[in-house]
Amino acid sequence: ATILAIESSCDETSAAIVLNGTDMRSNVVASQIKSHMRFGGVVPEIASRHHVEQITQVIDLAMTEGDATWDDVDAVAVTQGPGLVGSLLIGITAAKTLAFAHQKPLIGVNHMAGHIYANQLVAPMDYPLLALVVSGGHTELVLMRGDNDFETIGDTRDDAVGEAYDKIGRVIGVPYPGGKIIDQMAHEGEDVYNYPRAMKGEDTLDFSFSGLKSAVINHMHNAKQKNEALDMNNVAASFQAAALDQLVGRTMRALELHPEIKHVLVAGGVAANKGLRTQLTAAIEAFDQEITLQFPPLSLCGDNAAMIGAAAESLYAQADFAPLGLDAKPGLSL
Ligand code: ATP
Ligand code: MG
Ligand code: FE
């Protein structure tokens, strides 16, 4: 099918044309990062206003760049949640209006399913698979036995990993969102501080990042009080080493517990992390050469509508359509 997809769950306004869940014809992403940077995080009211200002142009551009007319479009897909309610509503309202005006079915898509399905724009999904979902608001291990069949086998008990990156970025004093810069700094430094490893000795697939976050903040605070200069690249490297230990360690434990899984996907903004790419690749190669590992291209790790179009295809195939009364679900889970 030819899907017009719309994503507005947080601070990017995006629209895309995706064919058959695999072929990305366009993917327009208008980022609002600059507007939120001076506040050190996303301000919901500002995000909603920007979505309103951008959404029509972004959709028009996605149609033009995707060389699609309304005759070509089979359905309109939109992120239903999770996300900021005011932001979600702008995309949902646009999608409903267009679906009604052009008499096309409407499809509500889970944003986190979208992050996982970004991988389908690279290669077909091969089930059963394990998805490591790492983003600004989520850190989960998800077992998929088929299309739209999600079993969360590991989850964070407190903060998401992307949230921890951004918090550390803020304390170190780099612009929001800090994840990418901390990743770069980590490569210039060394893991000399050996921050605590969460839930050490516990056999679990869950994650925790709040203890690590506090350890880094306390360490920096104590050094400052003692007028001791810390090398921020080493702080970033030590933080990243502890964070990646958890992500890689839990993924490998999940593969031990589920030997039937031969395919691993990584999804979400933190999938762009260079250290994660290197370490997970090495760990899986050492564990079992038959297991394939896939990361989305960098341009599809963060929020975008093409991933929503990819996830919508199997819902379209099952005629799993949403009523025109579709509501935002800010706390939607997989
Ligand atoms: P969610 O998808 O859970 O609703 P979100 O949409 O805000 O949350 P994403 O857009 O998927 O999250 O990802 C953004 C996050 O990814 C931010 O926390 C950002 O700092 C982080 N990030 C981006 N690049 C990197 C990187 N190279 N290393 C670590 N973190 C990164
Ligand atoms: Mg974002
Ligand atoms: Fe996201």
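Two residues are in contact here if their C-beta atoms, placed from the backbone, lie within 7 Å. With that in hand, welcome to a short tour of this predicted model.

View 1. Ile107 sits in strand β5, which covers residues 106–110. Leaving aside neighbours within four places in sequence, Ile107 is in contact with Ala75, Ala77, Ala312, Leu315, Tyr316, Phe321 and Ala322. Is Ile107 buried or exposed? A residue is buried if 20 or more other C-beta atoms lie within 10 Å of its own; Ile107 has 28 such neighbours, so it counts as buried. If you zoom out to Lys262, you will find it 155 residues from Ile107 in sequence and 30 Å away in space, C-alpha to C-alpha.

**View 2. Strand β4 between its partners β1 and β5.** Strand β4 takes in residues 75–81, and seven of its seven residues are buried. On one pairing, four bridges join β4 to strand β1 (residues 2–7), and the two run parallel. On the other, five bridges join β4 to β5, again in parallel. Val78 is a handy landmark for both pairings: Ile6 stands opposite Val78, and Gly108 in β5 is the bridge partner of Val78. As you follow the strands, remember that in a regular strand the side chains alternate between the two faces of the sheet.

**View 3. The annotated binding site at His111, His115 and Asp303.** The "binding site" feature at these three residues comes from an unreviewed UniProt entry. They are spread over 193 residues of sequence, yet they cluster in space, with a largest C-alpha distance of 8.6 Å. His111 belongs to helix α4, residues 111–117, and His115 is found in helix α4 too. His111 counts as buried because it has 26 C-beta neighbours inside 10 Å. Not counting residues up to four places away in sequence, His111 touches Ser9, Thr79, Gly81, Pro82 and Gly83. His115 is also buried, with 30 C-beta neighbours inside 10 Å.

**View 4. The shell around ligand 1.** Which residues come nearest to ligand 1? Of the 24 residues around the ligand, they are Gly136, Gly137, Gly162, Gly179 and Gly269. The elements that give two or more residues to this shell are α4, α5 (161–172) and α6 (179–186). Sorted by class, the shell has six nonpolar, 14 polar and four charged residues.

View 5. The bond from Tyr127 to Pro128 is cis, with omega near 0°. Pro128 is in the loop between α4 and β6 (129–134). A cis peptide bond also joins Tyr176 and Pro177, where omega is about -10°. Pro177 lies in the loop between α5 and α6.

View 6. Asn20 is not a glycine, yet its phi is positive, at about 55°. Look for Asn20 in the loop between β2 (12–19) and β3 (23–31). With 14 C-beta neighbours inside 10 Å, Asn20 counts as partly exposed. Gln103, another residue that is not a glycine, has a positive phi of about 55°. Its place is in the loop between α3 (85–101) and β5. Is Gln103 buried or exposed? Gln103 has 7 other C-beta atoms within 10 Å, so it is exposed.

**View 7. Lys34 in helix α1.** Lys34 lies in helix α1, residues 33–37. With 8 other C-beta atoms within 10 Å, Lys34 is exposed. Val192 is 158 residues from Lys34 in sequence and 33 Å away in space, C-alpha to C-alpha.

**View 8. The whole chain, for orientation.** The protein chain has ten helices and ten strands. Its C-alpha atoms fill a box of roughly 65 × 45 × 30 Å, taken along the principal axes. A compact globule of 334 residues would have a radius of gyration near 20 Å, and the chain agrees with its 20 Å. Buried residues make up 47% of the 334 residues. Of the contacts with a separation of 6 or more, 76% come from residues 24 or more positions apart. An unreviewed UniProt entry places "domain: Gcp-like" at residues 25–309. The end C-alpha atoms of that span lie 11 Å apart, and the span is 46% helix and 17% strand.

Technical notes:
Residues numbered from 1 in each chain as written. Chains lettered and ligands numbered in written order. Predicted model: local features only at pLDDT ≥ 70, side-chain atom pairs only at ≥ 80, totals over all residues. Buried ≥ 20, exposed ≤ 12 C-beta atoms within 10 Å, placed from the backbone. Rg over C-alpha atoms; globule rule 2.2 N^0.38 Å. UniProt positions renumbered as here; feature names shortened; annotations may be inferred. Near = placed C-beta within 6 Å. Nonpolar A, V, L, I, M, F, W, Y, C, P; charged D, E, K, R; others polar. Pairing = 2+ DSSP bridges.
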